[in-house]
Amino acid sequence: MCYGPAMAGSIPSHARAVIVGGGIVGCSVAYHLTKLGWRDIVLLERRDLSCGTTWHAAGLVGQLRSSHNLTRLASYGAVLYEQLEAETGQATGFRRSGSISVARTKERLIELKRGASMAKCFGVEVEVISPGDAGRLWPLMRTDDLAGAVWIPRDGRTNPIDTTLALAKGARKGGATLVENVTVTGIHRQNGAATGVSTDHGDIACDAVVNCAGMWGRELGRMAGVNVPLHASEHFYIVTEPMAGVTRELPVLRDTDGGIYVREEVGGLLMGGFESVAKPWGMHGLPKDFAFSLLPEDWEHFRVLMEQAIVRIPALETAPVRRHVNGPESFTPDNRYMLGEAPELRNFFVAAGFNSVGIASAAGAGKALAEWIVGGEPSMDLWDVDIRRFMPFQGNARYLYERTTEVVGLLYAMHWPFRQPASARGVRRSVLHDRLAARGAVFGVVAGWERANWFATAGVEPRYVYTYGRQNWFPCAAAEHRAVREGVGLFDQSSLAKFRLQGPDATAVLQRLCANDVDLPPGRIVYTQMLNARGGIECDLTVTRLADDAYLVVTIAAAATHDADWIRRGIGAARVTLTDVTSAFTVLGVMGPRSRELLSRLTDADLSNAAFPFGTARAIEVGHAMARATRITYVGELGWELYVPAEFALGVYEAVVAAGEDLGLRHAGYHAMDSLRMEKGYRSWGHDIGGEDTPLEAGLGFAVALEKDGFVGREALLRQRDKPLGRRLVMFTLDDPEPLLLGDEPIYRDGALVGRITSGAYGHTLGRSVGMGYVTHPDGVDSAFVSAGGWELEIAMERFPATARLEPPYDPRSARVRG
C-alpha cells in the first residue's frame with residue numbers, strides 16, 4: 001500500500017470532514033478522527049506537509065502546563081510520540097531526555113517550586129534540585145549564579161517533520177486522504193453552518209471544516225466570517241557545530257531568566273529563546289509561496305539571547321555556528337492556543353495559534369478536537385484554550401501586532417501573580433474610567449475591559465510592583481475590603497456581560513437551559529447554572545425576569561462570547577432573540593452594611609428588606625436618572641447593583657459619591673472583590689466551576705430545581721444524587737496567617753494527596769489566606785470525612801496546616817446579605 005500524498009487533481013467532491021493545513025496539528029486531528037472511526041476525511045495542504053512552521057520547530061515536548069487538562073493533553077503527546085513508530089513504521093526521533101529549568105533569582109525559584117507542587121496534582125514526575133545537581137546533569141552549564149532548579153525526567157524531544165509524517169501515515173492507514181498542493185480559496189456556508197470548501201482544484205462538500213492553517217489561520221477564518229486572533233512573529237535559534245562535552249543524552253535546558261532554551265542537536269547545541277520585544281511578521285499578508293522558508297538572519301536582534309546564552313554556557317562564545325534559523329510562528333493575545341467550534345459558524349472548528357508549543361501540544365490538541373467534532377461537545381474542560389474566550393475586537397490587526405511584540409517574551413518572563421499585559425491597552429473603557437483613574441485606580445484587563453483592580457492610597461505609586469509575596473497593592477485592597485465589610489464600598493462592574501433574551505418562547509428556552517427555575521414573576525432574579533448533558537457547568541449567571549416574554553441574562557466579562565454561544569445554540573428554532581446590551585449599561589455596585597443608608601439619600605424608593613428583599617430588581621429613581629436596582633451581591637454583604645443607561649452614568653456616579661462622603665464611601669476594585677467573595681465561598685466560573693464540575697459537587701445544589709422536568713443535565717444530576725459524592729468543593733483557611741494561596745496548591749488529608757486548590761486569596765476579615773478546591777475520595781466526601789481529617793496545603797513545596805469545611809468561613813447563613 002502506498003502512503004504518499006494524493007495528487008492535487010484527485011480531490012473528492014464530498015467528505016465528512018475537511019482539514020485545512022498539513023502541519024503537525026492538522027495531521028494530528030486527521031489521525032485522531034480516524035481513531036474515532038471516521039474514514040471519509042480529507043486533509044488539504046497548500047504546499048507540502050509540515051512546510052509552514054512545523055518543519056523548523058525546536059521539537060521540545062514538555063509535559064507541565066498551566067492547568068490540569070492542558071497538562072493531561074501535553075503528557076498524552078509524549079506517550080503517543082513514543083508509540084507512533086511501532087504503530088506506523090515511521091520513525092519520530094522522540095526520546096525522553098528530561099528537562100532542567102534553572103532559576104537565577106529567589107523569586108524565579110519560588111515560581112519553579114510552585115510549578116513543582118502543581119505538577120504533583122497533575123501526576124507529572126518532578127524534582128527540585130540544587131545548582132550542583134543541575135550542573136552534574138548539564139556539565140557545560142555555569143551554576144555558581146543559580147538559586148536552584150527543577151528536573152522533570154520524563155520530558156522529551158522529537159523530530160517535528162518525522163513526527164508529522166508518522167501522524168500522517170497513521171491517518172492514511174486509518175482511511176484519511178491527505179492532498180498536497182491544494183489551496184483553499186473559500187468556505188461554503190448555509191444556515192449558519194460550514195458546508196464545504198472551495199479550492200483551486202474544485203469544491204468539496206463536507207459536514208465539518210477544521211482550520212489547522214497555522215499562520216494562515218486568521219486569513220482562513222476571515223473567509224468564513226470567523227474571528228481567529230493570531231499573528232506571526234519571527235522566532236530565532238542557532239545550531240552549533242559539534243562541541244566537546246555535548247552528548248546525545250543531554251537534557252533540554254531552560255534558563256527562563258535569560259529567555260533561552262537549549263538542547264542537543266547532532267553533537268552540537270540548538271539554542272533559541274523568547275526576547276522581551278519581539279518582531280511581528282506578515283502584517284501585510286503572508287507570501288503565497290512560503291514553504292520550507294526562513295526569514296533573513298537578524299544577529300543584532302538575536303544578540304540579547306546570545307549574550308544570555310553565553311552567561312549560562314560559556315563554551316558557546318567560541319562555538320562555530322552552523323545555522324542561524326529565523327522561522328515565523330503564530331501567537332495569540334494571551335499565549336494560549338485556540339481550540340474548538342467557532343461561535344460565529346457551526347461545524348467550523350479551529351486548532352491554531354500554538355505560541356511555540358505546537359509540537360508538544362499537537363497530539364493532545366488533535367485528540368481533544370477530534371473528540372469534540374465527533375461527540376458534538378468537548379470531552380473535558382478546555383476553557384483555557386477555548387476559542388470562545390476571545391472577543392471580536394481581538395481580531396483587530398493593529399491590536400494583534402502590538403500585543404505580539406509583548407507576548408512572545410512573556411512565555412519566559414516571570415509569571416507573576418496578577419501580572420497585567422502592557423501592550424494594546426485602553427481598548428474597552430467604562431464611562432467612569434477617567435473618574436476612577438483620577439482617584440488612583442490601577443487597572444487590570446479582562447476581555448479588553450480596563451477594570452479598576454485597586455486604588456492607590458496616599459504615598460503609594462499607582463502601578464503594580466510584582467512579587468510572589470504581598471504586592472504593593474495589598475494594604476490598599478485590604479482597606480477597600482474592610483470598607484465593604486464595615487461601611488460601604490463602590491465598585492464599577494460595567495464589564496459584566498449583559499444579554500436581553502426576548503420572545504414568545506423565552507421562558508421555555510430558559511427553563512430548558514437553566515438548572516434553576518426562572519419562571520418567576522417579573523422583577524425576580526435567579527442565580528442559576530446552565531449545564532451540559534453530563535451535568536457539568538457550562539454557564540454560571542443570573543437571570544432577571546423583565547416581563548412575561550423578556551429576561552436579562554448577566555454573566556462575567558471573560559465568558560461573554562462563550563455564554564452567548566451556548567444560549568444561541570440552545571435557542572434553536574424557538575421564537576426568541578438574544579441581544580448583547582453590555583454597552584448600553586454602566587453597572588455601579590454599592591455594597592456594604594451602610595449601602596441602604598446611602599442609596600436612601602438618592603431615591604424615594606422603599607429599600608427596606610420587606611419592600612425590596614434579596615433577589616429582586618426594579619426600576620428606581622437615583623438622583624436625576626432612572627436605574628434598574630438589583631439586590632444581589634458577589635461580596636457577601638447587603639448591597640445593590642445599579643444598572644444605569646450609559647449616558648446617565650456619570651451623573652449617577654457623582655450623586656452616589658457625594659451622598660456617601662460622610663458615610664466613608666470607599667472606591668473598591670476587583671482585588672478586594674476577589675478576597676470578599678473568597679471569604680463568602682462564592683464560586684468563580686473558569687476557576688472553581690466549569691464543564692467537568694456538577695452543581696452537586698460544587699456545593700451549588702441550592703441553585704438547582706431538580707423537581708423541574710426537562711432541563712439539560714437533569715438526568716446526570718439525578719444519577720449523581722443517588723450515590724455518595726466522591727468529589728466535593730471544600731473551603732480551606734490556612735492556620736498560619738502569613739502564606740498566600742494563589743490557586744493550584746496541592747491538598748493533603750492525613751498525608752495523602754486528595755485534590756488541589758482552584759482559587760485562593762487573602763481574607764482580610766479572617767486574617768489569613770482562604771481557598772477552595774475539589775477533594776476526592778472513593779467512599780464519598782461529606783462533613784464527617786472533612787472534619788475527621790488532618791489537612792495541609794502545599795505552597796512552593798512546603799506544607800502548611802489548614803482548616804477545612806464544606807460551608808464558607810464567613811457568614812455561612814448569609815444573614816448579612818439578607819439583612
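I worked from a predicted model.

**Entry 1**

Next I took strand 29 (residues 585–591) and strand 32 (residues 639–645). The two run antiparallel, and seven bridges join them.

**Entry 1: Ala193**

I then went to Ala193, which sits in strand 10 (residues 193–199). Is Ala193 buried or exposed? Its relative accessibility is 14%, so I logged Ala193 as buried, the cut-off being under 20%.

What does Ala193 touch, leaving out residues up to four places away in sequence? I listed His188, Leu345, Arg346 and Asn347. I also checked Ala193 against Leu432. They are 239 residues apart in sequence, and their C-alpha atoms are 40 Å apart in space.

**Entry 2: cavities**

How many cavities of 30 Å³ or more are there? I counted four.

The largest cavity holds about 220 Å³ of space. I found 20 residues in its lining. Phe418, Trp473, Phe474, Ala761 and Tyr762 lie nearest the centre of this cavity. Three elements each supply at least two lining residues: helix 11 (474–486), helix 16 (670–680) and strand 36 (752–763). By class, I recorded eleven nonpolar, seven polar and two charged residues in the lining of the largest cavity.

The second largest cavity holds about 110 Å³. Its lining has 14 residues. Nearest its centre I noted Asp381, Leu382, Glu538, His562 and Gly691. The lining of the second largest cavity splits into five nonpolar, four polar and five charged residues.

**Entry 3: aromatic pairs**

I searched the whole structure for aromatic pairs and got 20. Tyr81 and Phe94 make one of them, with ring centres 6.4 Å apart. Their planes stand at 65°, so I filed the pair as edge-to-face, a class that needs over 60 degrees. Where do the two residues lie? Tyr81 is in helix 2 (residues 68–88), while Phe94 is in the loop between helix 2 and strand 4 (99–103). The pair therefore ties together parts that are 13 residues apart in sequence.

I checked burial for both. Tyr81 has 1% relative accessibility, so Tyr81 counts as buried. Phe94 is buried too, with a relative accessible area of 13%.

I took Trp416 and Tyr468 next. Their rings are 5.6 Å apart, centre to centre, with 45° between the planes, and the pair is tilted. Trp416 lies in the loop between helix 9 (397–410) and strand 20 (428–429). Tyr468 lies in the loop between strand 22 (449–455) and helix 11. This pair therefore ties together parts 52 residues apart in sequence. I logged Trp416 and Tyr468 as buried.

Which residues form one aromatic cluster? I wrote down Phe236, Trp299 and Phe302.

Note on methods. Residues numbered from 1 in each chain as written. Predicted model: local features only at pLDDT ≥ 70, side-chain atom pairs only at ≥ 80, totals over all residues. Heavy atoms only, no water. Pairing = 2+ DSSP bridges. Helix = DSSP H or I, 4+ residues; strand = E, 2+ residues; numbered from the N terminus. Buried < 20%, exposed > 50% of the residue type's maximum accessible area, 1.4 Å probe, protein only. Contact = heavy atoms within 4.5 Å. 1 Å grid on protein atoms, 1.4 Å probe; cavity = no way out; pocket = protein on both sides within 12 Å on 5 of 7 lines; lining within 4 Å. Points joined across faces, edges and corners; volume = space filled by probe spheres on them. Nonpolar A, V, L, I, M, F, W, Y, C, P; charged D, E, K, R; others polar. Phe/Tyr/Trp six-rings, centres within 6.5 Å; stacked < 30°, edge-to-face > 60°.
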